[in-house]
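This report sets out the architecture of a protein model and the contacts between its chains. Please read it alongside the sequence and the coordinates.

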Amino acid sequence: MRPKLAKHMSATKTNILGVGLLCLAVVVFVVTLLDPPNLKFIASLLLALAVILFLAFWDSLRTRHHELEQSKDEFVSLVSHQLRTPLTSMRLFVEMLLDNQVGPLNDKQHEYLRMVEISTGRMIDLVSDFLNTSRLELGRLEIRPQPVRLQDIVAGSIDQVTALASQEKLSIVFDKPELPEVPVEPSLYGQIVNNLLSNAIHYTPEGGTITVTLSQNPSGFQLDVADTGIGIPMAARAELFKRFYRADNAKHVIGEGSGLGLYLIKKITDTCGGRIWYESAEGSGTTFHVIIPPSGMTPTAKAKA
Amino acid sequence: MEPTTPQKTILLADDEQFIAIAYKDGLERAGYNVVVAHDGSEALDMLRANRPDLVLLDLIMPKMNGFEVLRTLKQDPNLADLPVIVLTNLGQSSDEAEARSYGAVDFIVKADISLKDLLARLERQFAA
């Protein structure tokens, strides 16, 4: 990290130097307005030189800024890979233990291990959320659409949370439709679905129902996730899609939310040409809608060199 | 899960000790025969000595990374048709595109998949 920091310092110095040169150029220019023509010529040369130098410094500043962003991206990728490695082995061993593959568990052991499983799953999702948030902010999120059946992605995401939902005594209703393939980036669409499902489960009290609908209409492929949960207070609506924002009533629900989920979904849908909106009544439930254009996700331009 | 007959052999190339233990145990319980390589060049040596039915290949490994292993084995006439599933914790779509362009039949992010789902993906591969 140290050389990178040093680079940053020198970038600041260059900045000051560049501004200084620009000031000098302005002074010289003003002087030329007052002096005889031969001096004017020399001064114009000086001015041109100053402008060229300034542009050169400006360019080097931008390069350095780009390098800093690159190193941030590499750092985040490295951290997420390093975090996922131990999380993977935790996930696998817990799964085997819970399946009684290594011997029978008593009820308490089973209950506690379930909590480890859920916590591990949350950590894994968080790592993905942080990674994608960072990529989105650096403009480096890659969208490479490939033809997929959205209904398979949705069904897969629901499978992953069925156990958690039944533990919370929630039922998930999904009538899998027959839709044609559409070009989307499966991992990003999966992340949208996972985040909406996880919110619905998190904020719906016991006995509730989560209804998932996937349909095709003239504006595109629409996903609706309706819950019978605590709803979103009016006061929270302006801030809902902001990073790290959590509604007041959400803070009272057991289990931490990162405040990244909706922010990320909004960013992903905006980036890929889709749209997200919702209706909510405090105390009776929320429905989120995400629409992907009929032609699928818009691919991102080639990554910056 | 019933063992498939005759027993299929899977070469698992992964330098992460705990992950290798977990996958080996889980896959063996499902009836597969599993051999483990701990780095890329060991994986290639083992592949050449005893051809398995399928390879589960990590990407970040010492000595030779997974991309290189994949490229090398696809150039080997005896191994070129061997199905390779990349099993990694690198999740960028560019990594997936690169792995698939070298001939990987599937690309799985380890942290995102349960053992059950991995077994289902393997079965799908063997059924194909």
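## Basis of the report

This is a predicted model, in which local features need pLDDT of at least 70 and side-chain atom pairs count only at pLDDT 80 or more, whereas totals for chains, interfaces and linings use all residues. Residues are numbered from 1 along each chain as its sequence is written, chains are lettered from A and ligands numbered from 1 in the order in which they are written, and side-chain values use heavy atoms, with hydrogens and water left out.

## Composition of chain A

Chain A contains 7 helices and 7 strands; these are DSSP runs numbered from the N terminus, helices being H or I with at least four residues and strands being E with at least two. Along the sequence, the elements of chain A follow the pattern α-α-α-β-α-β-β-α-β-β-α-α-β-β.

Chain A has 305 residues, of which 40% count as buried (buried means under 20% relative accessible area, exposed over 50%, and partly exposed in between, with a 1.4 Å probe and protein chains only). Among contacts in chain A between residues at least 6 apart in sequence, 72% join residues at least 24 apart; contact means heavy atoms within 4.5 Å.

## The sheet of chain A

Chain A holds an open sheet of 5 strands, with the order S2-S4-S5-S7-S6 and mixed pairing; two strands pair if DSSP finds at least two bridges between them. Its edge strands are S2 (171-174) and S6 (275-281), each of which pairs on one side only. From one strand to the next, the twist averages 15 degrees. Axes here are lines fitted to C-alpha atoms, for helices over the stretch in contact, and angles run from 0 to 180 degrees between N-to-C directions.

Helix H4 (residues 150-167) of chain A lies across S2, S4 (209-217) and S5 (220-226) of chain A, and runs at about 165 degrees to S2(A).

## A parallel strand pair in chain B

In chain B, strand S4 (residues 84-88) pairs with S5(B) in the parallel sense over 4 bridges. The bridge partner of B:Val86 is B:Phe107 in S5(B).

In a regular strand the side chains alternate between the two faces of the sheet. In strand S5 (residues 106-109) of chain B, B:Asp106 and B:Ile108 point one way and B:Phe107 and B:Val109 the other way, and all are buried.

## The interface between chains A and B

The interface brings 21 residues of chain A into contact with 26 residues of chain B. About 2,100 Å² is buried between the two chains, 53% of it on carbon and sulfur atoms; buried area is the accessible area (1.4 Å probe) that two parts lose on being put together, summed over both. On the side of chain A, A:His81, A:Arg84 and A:Leu92 lose the most area to chain B, together 23% of what that side buries.

The rule finds 2 salt bridges across this interface, a salt bridge being a side-chain nitrogen of Lys or Arg within 4 Å of a carboxyl oxygen of Asp or Glu. One salt bridge joins A:Asp99 to B:Lys116, with the closest N and O atoms 3.8 Å apart. The elements of chain A that give two or more residues to the side touching chain B are H2 and H3, and H2(A) gives the most, with 10 residues. A:Thr85, found in helix H2 of chain A, is buried at a relative accessible area of 9%. Leaving aside neighbours within four places in sequence, A:Thr85 is in contact with B:Glu16, B:Ile19 and B:Asn89.

## Positive phi angles

Which residue of chain A has a positive phi although it is not a glycine? A:Asn100 has a phi of about 60 degrees, and its place is in the loop between helix H2 (37-98) and helix H3 (107-137) of chain A. A:Asn100 is partly exposed, at 42% relative accessible area.

In chain B, Lys63 (B:Lys63) is a residue other than glycine with a positive phi, near 70 degrees. B:Lys63 sits in the loop between strand S3 (54-57) and helix H3 (66-75) of chain B, and counts as exposed at 72% relative accessibility.
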